[in-house]
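Let's take a walk through this protein together. Have the sequence and the 3D view ready, and follow along.

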Amino acid sequence: MAAVPDPTGVDVGRTGVEAYAADWARAVRRIGFVPLSAAETERLLLLHTVRLAQVVRAEPFSARPAEEVGRALVEAHLTEPRALEWSLRALGDDFPARVLAADGRPADLGERIAAVQGGLAAGFSRALRDRTFAQQERIARSAWQARDEVEQALRDSEARFRAVFTGAAIGIGIARVDGRIIDVNTAFADMLGYSAEELCQMNVAALFHADDAAGMWELYQELIEGRQDSARVQKRYHRKDGSVVWTDLAVSLIRYDDGRPRFTVAMVEDITERYELQQRLRFQALHDPLTGLPNRTLFFETLGRVLDTAGPGQRVGVCFLDLDGFKAINDGLGHDLGDRLLVTIGKRLAECVADRGHLVARMGGDEFVILVDGGGDVEDAVAVAEAALAAVAAPVHIGDQQLAVSASVGIVDCPAAETTASDLMKAADTTLYWAKAAGRGRWAVYDPERSARDLARSALVAGLPAALDRGEFVLHYQPIVSLLEGTMLAVEALVRWEHPELGLIGPDRFIGLAEETGLIVRLGEWVLRRACRDAERWWREFPEARLVVSVNLAARQADDPAIVATVADALATSGLPAELLQLELTESAVMGSAGEPLRSLHRLAALGVRLAVDDFGTGYSNLAYLRRLPIHCLKLAGPFVEGIRADGTDEAADHRDERIVDALVRLAHALELWVTAEAVETGVQAERLRALRCDTGQGRYFGAPAPAQDITARLRQAVARW
């Protein structure tokens, strides 16, 4: 197909475009007078056809250029109303098929064509109205200001005004300052369903819509008092049959020569269809298409309005609700059933708070929110949440399926003056997470102190990777001492975080976070390599001490297939003899998944490193497995040692704990394992443990965790005593 060069660089089909433009030109010339030749008309409309095709296909789409085409038609004096009617109908009927190639039609073609029709009509009407208004204004003023001129000029001016007034496509009415209608044109009368004679017997107030009357009278009063010369509004009028027409109304004041108000001239355009389209589009933009509930946009608009207009002491609350296990329903029963479930839940939520006037909105997915406006206190919000949970919990019957659904609700209630929409919803989201973490099917109320702790925790999580990269972690070492001889045989490496703002942070605040995020593998490898380097310096400087360094392996590290290679590389890189490295694993890590021992334990033992079970006695170790594993040491959990008190306040309990420790020590020795007691705090505990033949002890009685240089100083003192 040949192509027509387009000024904007877009080619459209020549045959379809030229044929459509030719038909358009013939229709325009057939319908009414055209001040152009046939060829000129066709050339003009060909350009407009090309431009409309570009508008429909443009990305991003905008109907504004179509308004410019409508205005151009008026500027070319193609103002016959029936010509506009033919143009709009042809746009909807055969314009896409004749002008747009199949592969050039957008997916939302129908909506774009409708928007282009509206834009073309709006541009045409506004241009015609503007031209008519300008002509009418000029003619009217000329008529009234030329009263002293010759009679012929007055008659000519009146004739011109009457021609414009009568033939205008938009409604024009003239009224006295008291509101009595003097004259109307045919378009105005047809728009309201009256005859011109009937309207001239009426006051403009009789046409006002009841909901607009007060405001319109105020506007009209400002005009007739001369405080305004013109006004423009969108308003409703009553038709004769009682129906309502929406209009774009422009009112101007005509004055006497001395400035006193004389008449008002109203120019009225029927925009009912456009207004209804706008309302439908607004509803679609502000409501969830599935449930019909307000969407997050409308919710935030309403919440913002409530916060902006809240009086002193007024409270506002939200209940943020999320269905429990909805993904399982979607995945197991299908998205169609899931959608039907959401519709049912949305309807129930709206009904359960309908008598309280609270807004229910769907935020997306299976999340809903209830705005508790004007509540007395948090108890009102809790009552709403409980009503919502009860509504959700009732069995849902969809087809032949009966579903039992639960939900979790986060509740936030606070003075409106002390919050913002974003802060309120952020708090609600946090509280919803608390409710789900507590077991689901329940509500939780926002607690600022808990939120602050969570934020601090989140800040630590976010800062962990960068802290490791910046070298903010350090190692402290706690002595492990022989209970028989009192000499330091080993040290346990304990990591600390030198936070730039919070100072030195203990592992209890960040190790769990590192495990949750998976950073524990990187951090654990750093601890291992650093501890090996420090231990190698002690071995080189104090070879006779044979100081063992004990390093904890997290469960995720122990599960890492590369752990054996990592340990071997750390030893090789540092030069530390393997027998001077001890790896501590928890009971769960030693037993592995499903009660199976870690396969890598034997490979680690083959390297020559020592293996210890940390916090022994707190888990569920299978002793038969321990007998077959290459374990060298058991570290007794602190609670057993803490039970051996020095004050004797509970002698029976003290003896029970002592008997437990005795049994564990005997068991370990029977398995040919070394025993270390943790959390030794007093000399009495150390003496009793020694009497029970426990091998080594660790705790503050023997020394708190200290930097590497303190261990070096302690070794130097020990060597000096030797």
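In what order do the strands of the open sheet lie? This is a predicted model, in which local features need pLDDT of at least 70 and side-chain atom pairs count only at pLDDT 80 or more, while totals for chains, interfaces and linings use all residues. Residues are numbered from 1 along each chain as its sequence is written, and side-chain values use heavy atoms, with hydrogens and water left out.

Back to the sheet: its 5 strands run in the order 4-3-7-6-5, with antiparallel pairing. Helices (H or I, at least four residues) and strands (E, at least two) are DSSP runs, numbered from the N terminus, and two strands pair if DSSP finds at least two bridges between them. Strand 4 (181-184) and strand 5 (230-238) sit at the edges, each pairing on one side only. From one strand to the next, the twist averages 25 degrees.

Now zoom in on strand 6 (residues 244-255) and strand 7 (residues 261-270), an antiparallel pair with 9 bridges. Here L249 stands opposite V268 of strand 7. Helix 11 (residues 272-286) packs on the sheet and touches strands 5, 6 and 7; contact means heavy atoms within 4.5 Å.

Next, look at two helices. Helix 12 (residues 296-309) packs with helix 16 (residues 421-437) at an angle of about 115 degrees, their axes 10 Å apart. Axes are lines fitted to C-alpha atoms, for helices over the stretch in contact, and angles run from 0 to 180 degrees between N-to-C directions. On the helix 12 side you'll find F299, F300, L303 and L307, which meet A421, L424 and M425 in helix 16.
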